[in-house]
Amino acid sequence: MSNEATTKILQLAVSIEEKGENFYRSMSGYARDERQKELFLYLATEEEKHKDIFNYMIESIKKGNQGEEFPHDYFNYLQDYYQNSVFDPGCREELLVMKSDFEQALNLAIRKELESIVFYEELKQFIEPEQHTIIDRIIKEERQHFIKLSEVKKLLCYPEKKDSRQVNIN
């Protein structure tokens, strides 16, 4: 794949992380207590770290050699997936509902983490195999975010089902 094509794909990933960071910062404003706010600010910081990793990858790729081109249709697929799922513009409307429904806020955050994982799995097809470990690390972190959000949902929304595990926000 060409450096230009890989860079375009990674720029989509940077944009996802930027939107995720903004999304979680917004959610922190709707938090009912300090622990909830802390969770969302932590997740915003994580998204910021991922953005930095992708920007670093872009800079590294710009220094590399040209590779083969990838099918235009597949780039369109990733771009459409990005625009219609992961932290899409429709989230703004959903954010307004979250002011009164924290469970819905958690559901939305959980769904966005899963959509990010799918996007990053697809992304691996466009980057050099030696960079897969970086993407795999980000996917692992996104899965951890999913787990934390799911545990918070169980503890806060279904306290009668609470088990002995404690959620560690950081």
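Which residues in α2 meet which residues in α5? Hold on to that one, everyone, and I'll come to it after a quick introduction.

What you have on the screen is a predicted model. The chain has 6 helices and 0 strands, and from the N terminus on, its elements read α-α-α-α-α-α. Of its 170 residues, 48% count as buried. If you take the contacts between residues at least 6 apart in sequence, 79% of them join residues at least 24 apart.

Now, back to the opening question. On the α2 side we have Q36, F40, E47 and F54, and they meet F102, L106, E113, Y120 and L123 in α5. Sorted by class, that contact holds 6 nonpolar, 1 polar and 2 charged residues. For orientation, helix α2 covers residues 34–62, and its axis and that of α5 come within 13 Å, crossing at roughly 15 degrees. An angle under 35 degrees counts as roughly parallel, so α2 and α5 are roughly parallel to each other. Their crossing is left-handed.

Let's turn to α1, which spans residues 3–30, and its pairing with α5, residues 102–123. Here the axes come within 12 Å and cross at roughly 170 degrees, which means that α1 is roughly antiparallel to α5. The crossing is left-handed here. As for who meets whom, α1 brings I9, L10, L12, A13, I16, E17, F23, Y24 and M27, while α5 brings A105, L106, L108, A109, E113, S116, F119, Y120 and L123. The class count for this contact is 15 nonpolar, 1 polar and 2 charged residues.

With the helices in place, let me zoom in on two residues, and I'll start with H50. You'll find H50 in helix α2. Is H50 buried or exposed? Its relative accessibility is 0%, so H50 counts as buried. Setting aside neighbours within four places in sequence, H50 is in contact with E17, I138, E141, E142 and H145. For those of you who like to look at polar pairs, the side chains of H50 and E142 are joined by a polar contact of 3.1 Å.

Which side chain does the side chain of K153 make a polar contact with? The partner is the side chain of N107, at 2.6 Å. Beyond its neighbours within four places in sequence, K153 is in contact with E103, L106, N107, I110 and Y158.

Key
Residues numbered from 1 in each chain as written. Predicted model: local features only at pLDDT ≥ 70, side-chain atom pairs only at ≥ 80, totals over all residues. Heavy atoms only, no water. Axes fitted to C-alpha atoms, helices over the stretch in contact; angles between N-to-C directions. Helix = DSSP H or I, 4+ residues; strand = E, 2+ residues; numbered from the N terminus. Parallel < 35°, antiparallel > 145°, perpendicular 65-115°, else oblique. Left-handed = near helix turned anticlockwise from the far one by under 90°. Contact = heavy atoms within 4.5 Å. Nonpolar A, V, L, I, M, F, W, Y, C, P; charged D, E, K, R; others polar. Polar contact = N/O pair within 3.5 Å; in protein donor to acceptor, adjacent residues only side chain to side chain. Buried < 20%, exposed > 50% of the residue type's maximum accessible area, 1.4 Å probe, protein only.
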